[in-house]
Amino acid sequence: MDYSRQLFQYILSGLSNGAIYALIGFGFAMIYNATGIINFAQGEFVMLGGMLTVFFLTVLKLSIIPAIVLAVVISTIVGICFERLAIRPLKNAKPLSLIIITIGASIFIRGAAMLIWGKDTHAVPAFSGNDPIYIAGATILPQHLWIFAVTILIIIAGRIFFNYSITGKAMRACAYNAQAAGLVGINVKNMVLLSFAISSAIGSMAGIIIAPLTMTSYDVGVMLGLKGFCAVIIGGMSSGLSTVMGGLLLGLLEALGAGYISASYKDAIAFIILLLILFIRPEGLFAKKEAERF
Amino acid sequence: MFLKKQNIMTEKRQQILVFFIFATAVLMVPLFLKGSYLLNVLVFVGINTMLAVALNLLLGYAGQISLGHAAFFGIGAYISGIITTRFPIDPFLIIILAAFCAGVLAFVIGFPILKLKGHYLAMATLGFGVILYIIFNETVDFTGGPSGLSSIPSLHIGSLVFDNDWNNYYLVWVFTLAVMLLSINLFQSRIGRALRAIHDSEVAARVMGVNARVLKVQIFTVSAVISAVAGSLYAHIMTFIAPASFGFNFSVELLTMVVIGGLGSIYGSFLGAAILTMLPEFLRVFQDFDIIVYGLMLMLITMFMPGGLVGGMQKMAEITVAKIRKMKGKNAQA
Amino acid sequence: MLRLDGITKVFGGLTALEDISFSINEGLITGIIGPNGAGKTTLFNIVTGLYAQTTGEVYLGEKNISFLNTERLARLGVVRTFQNVELFGQMTVLENVMVGLHTQSSSGIFSCAFKLPGHLKEEKIIREKSMEWLKFTGMVDIADMKAGNLPFGKGRLLEISRALAARPRMILMDEPAAGLNSRETDELAMLIRKIRKEGITITLVEHDMDLVMDICDSIVVLNLGKKLAEGTPRQIQENPAVISAYLGEG
Ligand SMILES: Nc1ncnc2c1ncn2[C@@H]1O[C@H](COP(=O)(O)OP(=O)(O)OP(=O)(O)O)[C@@H](O)[C@H]1O
Ligand SMILES: [Mg+2]
């Protein structure tokens, strides 16, 4: 009985972390599909979400909802500025330059956060208290429910956006073939901008909902960003749903590994999975094998 | 035709001359800095130069990124540190062992890792670096964990002990100069050209019969070996090491050194290493600003000065020469 | 010399090549033509080992080279140029050609780094031979220019020089005249004939019909991944299927 309760606890925390990884992974996939870039700065938007919320809550003493809204808005603006200032001016840049630039942006944002808010770790109050809810003998915090709810909401919204709205369809067309999309009159540049905007918004949202569970500081973006990338590599870049599966799987493996093997190697698990998948099946576990290209 | 040949000769001679001047300058410096703190800083400039050159072989020559190079640095440092604190073996032998281990590891993971391209390669090397960083932190029995490993013995040759700045300076810079010279030689050679060909167009290089897969692994291995040697030297000079020196941040710092100096430029790597090592030492304020400045430099240099500082200086020199020629031409006409 | 036997290539759901068989004769110039998207470049990619065919075999003489990788094929004497000009842009013209001699030299990384005598001797030979090839294609005077700064036409010429330096038995040229003006095209035609005189087999993909009809000894026509016709330029010009494919194409 105790054993299965413990297992349930691991699964629960695994799934909630996994949901976060999936959201971050979404951001990676969206920018990758629009531009072919892996945005190394993705994790920093997650950090910005959490830190900005802390800032609005504690320094400006706003209440939780406006604080969250403002945090998302500002993160999105940072994402837009990043695209306009550092990505758009580069035409036909080599992947190597793009990698270096997004890494540069990532440490720049992190450095700025450190200068502004210092190196301390900050707590964020849970959205609706910390009273545990008991289900089948296991405990679940309200914040876990928030995480699941927000993730599901974002996924549904994403589905509707990409399948039913004109803009969403246009973005999909660009991802499929930017040149052809340009020919039929889609403004590819705006779609790229939009992909940066959306992915920074989603990233910051992920950072906000996880912050009450894990605390936040200027440097949480590195690890979370990498885990999100890991999720998208497990799932494959091609579709949103497989990213979610990748994220959940990663969260679960990590939680179970930490619980049953060794807690201190928790982070290593994600990266070992990452390397194994990159070595064996770089197109992802759940994706169809893509056509080869040199 | 005859003229061309002469051109090449003078170019080669020029290269040798430049290196000779550089090496002489480097070896003379301590004479003026005896007992100064700067000498201590320059020891670390030497180590970082060696690391930056190693990364440059991979990044600047072959065009393959690594965001996990600090890990090889760490492997060198920890193998030397762990063994020499436990067993009374000549530390120089352990440096060879450390280099060998790093080389074998690089060779083994090199094949699957360098199959990946661009962003995927960056992420995979990053992942590799993070895994090793976690291992450095968690194998407390060996590495001392986050609190570090101390009392690492200094290197010595007979009665000459490398425990002061003067001796350490020469110890490090002999290695660094050797690495620089060999790397410069490599640039203008069959293998150097093949590596640069891979950088510019891997398919075209392969069509010319360049075995890109093997060559990339080779240079990755060489790069790892040099980094490990730098790590061993670092451990013996510091006599104390902790994982924080071998993490992702340091990998990015190495990347910044190479990018600032200029991809493919060996003297550029020295310049980048010198700037990044000295700035925080001498500008106290800089210590809080460091990563924000690194980030800015990475972005701005990549966007506006793709050849780095050395490339930029060369371009300026060329432009000035061209301008002077033009003026002379006009004068002659008039 | 080169024989394709039932080559089929499927990309995802798209059949880019279907059951292509033909032979390329030693010492001749063979043209491969066809409308955009016919699968010409894909065919080159398969022959040079950059893509793996879905089914079918490729023979070089008697040797089955179907699954050899690109660098092995280069050593066997199969080299190519690219439709989108793949130069080593950061290197000089001379250095580009010197890479062509990679397979004819063998110094390893240590020999290079330590400047061992064997390497120095080899280096001298590489340099001399490269200069000879630049003379052959008439590029000696720009040998020290950075390849990335070359005008387009010169870039195509450099690609050919580099391929020649690799001492090929056969060269596959993917649209060597694309983007050239008419004077450059004429010079190219002359160069190609000169290359054939060296005993090198040439296969070229080309859209410039005048050039193809002028210099090719035989022609293969592809359309939508299928072989439409094969024959002498004369036969091809009179072939009704070819005419309708090209006219239908617009
Ligand atoms: N890597 C790839 N993945 C998927 N489809 C491809 C790939 N390479 C080529 N194709 C498809 O195969 C078909 C043939 O392309 P190919 O480039 O061989 O044509 P081509 O005859 O060279 O045309 P062109 O004259 O325009 O150069 C095209 O429909 C193309 O879209
Ligand atoms: Mg083509």
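Select A:Ile261 to start. This residue sits in helix α10 of chain A. Keep in mind that the model is predicted.

**Stop 1: the patch around A:Ile261**

Together with A:Ile261 they make a nonpolar surface patch of about 510 Å². Colour α1 (2–35) and α10 (240–261) of chain A. These are the elements that give two or more residues to the patch. Which of them gives the largest share? It is α1(A), with three residues.

**Stop 2: the two chains together**

Show chain A and chain B in separate colours. Select the residues in contact across the boundary. How much area is buried between the chains? The value is about 3800 Å², and carbon and sulfur atoms give 84% of it. Next, pick B:His119, B:Tyr120 and B:Met123. These residues supply 21% of the area that chain B buries against chain A, more than any other three residues.

**Stop 3: the salt bridge**

Stay at the interface and show side chains. Pick A:Lys94 and B:Asp200. Their side chains meet in a salt bridge, with 3.9 Å from N to O. That distance falls under the rule's limit, which asks for a Lys or Arg nitrogen within 4 Å of a carboxyl oxygen. Across the interface of chain B and chain A, the rule finds one salt bridge. Over all chains, a search of the whole structure finds 18. A:Lys94 lies in the loop between α3 (64–87) and α4 (95–117) of chain A, and B:Asp200 lies in helix α8 of chain B, so the pair joins two chains. Polar contacts come next. The rule finds one residue pair in polar contact across this interface, with both residues at pLDDT 80 or more.

**Stop 4: the chain B side**

Note on methods: Residues are numbered from 1 along each chain as its sequence is written. Chains are lettered from A and ligands numbered from 1 in the order in which they are written. This is a predicted model: local features need pLDDT of at least 70, side-chain atom pairs count only at pLDDT 80 or more; totals for chains, interfaces and linings use all residues. Side-chain values use heavy atoms; hydrogens and water are left out. Buried area is the accessible area (1.4 Å probe) that two parts lose on being put together, summed over both. A polar contact is a pair of N or O atoms within 3.5 Å; within protein, one must be able to donate a hydrogen and the other to accept it, and residues adjacent in sequence count only if both atoms are side-chain atoms. Patches are made of residues with over 30% relative accessible area and no salt bridge: like charges are joined within 9 Å, nonpolar side chains (Val, Leu, Ile, Met, Phe, Trp, Tyr) within 5 Å. Accessible areas come from the Shrake-Rupley method with a 1.4 Å probe; for residues, only the protein chains shown count as cover. Helices (H or I, at least four residues) and strands (E, at least two) are DSSP runs, numbered from the N terminus.
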